[in-house]
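Work through the exercises below with the model open. Try each task before reading its solution.

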Amino acid sequence: MLSKRRASVVIWYCTTRCNYLCRHCWGYEHQDLKELDTKRAQSLIKSVAELNPKSFVFSGGEPLLKDVFSGGEPLLREDIIDLIKFTKDCGINLAVDIRTAPLDEELILALARNEVHASITMDSVSPEITDYICGFKDAHQRLMQTIELCRNHGIEFGFNTAAHKLNFEEVPKITKLAEDLGATTHNISMLAPLGKAFKAYKLMSLDSSQFIKCLGDIYQEEQRQRSCKVVVYEPIYLRFVKEAGGVLPKWGRVCKIGKYIHIDTDGGVLPCARARAPFGNALEKPLLEIYEDMASSTFFNTLRDHRRLEGPCASCIYGDLCGGCRMRALALTGDWFASDPACPYINEHGRRGGSIEEGDDLHEPE
């Protein structure tokens with residue numbers, strides 16, 4: 001029997017291979033995680049099918065090259081076409097992240113025949129900025145060629161964008177481009193202080209005024225878009241929407257750490273897209289069992305309760321909506337329960353409004 005608490009989306013970082021050197025990449029230099037061979041990959045996909053997610057995403061994982069931080073490009077797997085077909089045969093809706101790999105005829109036909117959603121990284125409308133961010137000449141041209149191939153073959157596609165100092169003013173233009181080209185979604189997140197991006201975070205992350213301006217620009221685009229859906233993976237955005245009188249998303253708060261399913265390159269199950277803290281391995285224990293254990297974990301239940309956090313996040317009147325990004329807090333402070341240092345409202349005003357009742361139980365998790 002399927003779990004009532006199924007994850008809506010499962011993401012698998014299926015490879016470490018990549019030929020770009022993106023400055024904002026949050027991939028880690030890790031302990032040589034090995035790519036699963038075809039047989040074990042198929043076993044993993046079967047376990048995902050048992051979880052019955054609405055969508056399954058092939059993404060990229062850790063860097064293959066030693067001493068180089070880079071993302072992963074799923075289409076560089078030699079068996080990717082076989083895995084795409086196998087996933088489709090298991091009855092799973094599949095999306096594939098596309099960053100760098102040129103699409104040949106065989107690949108594009110495999111995406112089309114198996115009704116794969118192409119999730120394309122688009123960081124700028126400017127070729128010069130795209131090439132600079134990706135560390136690769138003609139990166140923008142290659143992306144545009146990929147989009148054209150998707151359009152010509154009837155492949156549904158969307159954009160992914162990480163906002164930072166180099167591109168935050170362009171985010172509305174990227175959304176407009178997505179709509180003009182026929183993308184179904186534009187997924188937007190803020191720069192994560194992890195992996196290669198950790199070293200560049202102080203230089204590339206938005207200051208408070210830029211952060212709020214970016215949220216405002218995204219909100220305006222979300223209000224006027226029709227054919228292209230804007231999805232924002234930033235906990236603080238919900239506060240902005242609430243204060244602007246907008247409609248909150250039906251799925252509620254963004255940060256639900258411990259209720260996500262992200263699978264690392266070697267099968268390790270992660271509680272968040274950016275949390276390299278395996279909770280178990282899907283090749284050693286049923287994925288459904290791992291998910292149930294993780295979702296009911298005392299630690300993660302406590303971590304999701306903003307009243308148990310420290311500093312301004314604990315007393316914020318928007319805590320139930322936001323709670324900050326727990327991985328951002330961990331990366332920048334070393335403490336899971338610290339207030340989110342990136343919050344522009346803390347940095348602008350010293351603290352966020354509202355307070356909890358004195359005497360509430362705020363003990364540490366067991």
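**Exercise 1.** Which side chain does Arg-328 join in a polar contact, and at what distance?

Solution. Start with the pair: the side chains of Arg-328 and Asp-340 form a polar contact of 2.6 Å. (A polar contact is a pair of N or O atoms within 3.5 Å, one able to donate a hydrogen and the other to accept it.) This is a predicted model, where local features need pLDDT of at least 70, side-chain atom pairs count only at pLDDT 80 or more, and totals for chains, interfaces and linings use all residues. Residues are numbered from 1 along each chain, and side-chain values use heavy atoms, without hydrogens or water.

Arg-328 lies in helix α13 (residues 326-333). Its relative accessible area is 3%, so Arg-328 is buried (under 20% relative accessible area, 1.4 Å probe). Among the residues Arg-328 touches are Met-190, Tyr-201, Glu-234 and Asp-340 (contact means heavy atoms within 4.5 Å).

**Exercise 2.** How do the axes of α4 and α5 cross?

Solution. Take helix α4 (residues 127-134) and helix α5 (residues 139-152): their axes come within 7 Å and cross at roughly 105°. Therefore α4 is roughly perpendicular to α5 (65 to 115 degrees). Pro-127, Thr-130, Asp-131 and Cys-134 of α4 meet Ala-139, His-140 and Leu-143 of α5.

**Exercise 3.** Where do the buried residues of α10 sit around the axis?

Solution. List them: Leu-287, Ile-290, Tyr-291, Met-294 and Ala-295 are buried in helix α10 (residues 287-295). They cover an arc of only 125°, so they lie on the same side of α10. Their cover includes α1 (38-51) and α11 (298-303).

Conventions
Axes fitted to C-alpha atoms, helices over the stretch in contact; angles between N-to-C directions. Helix = DSSP H or I, 4+ residues; strand = E, 2+ residues; numbered from the N terminus. Parallel < 35°, antiparallel > 145°, perpendicular 65-115°, else oblique. Buried < 20%, exposed > 50% of the residue type's maximum accessible area, 1.4 Å probe, protein only. Arc of directions from axis to C-beta. Lists of a residue's contacts leave out its neighbours within four places in sequence.
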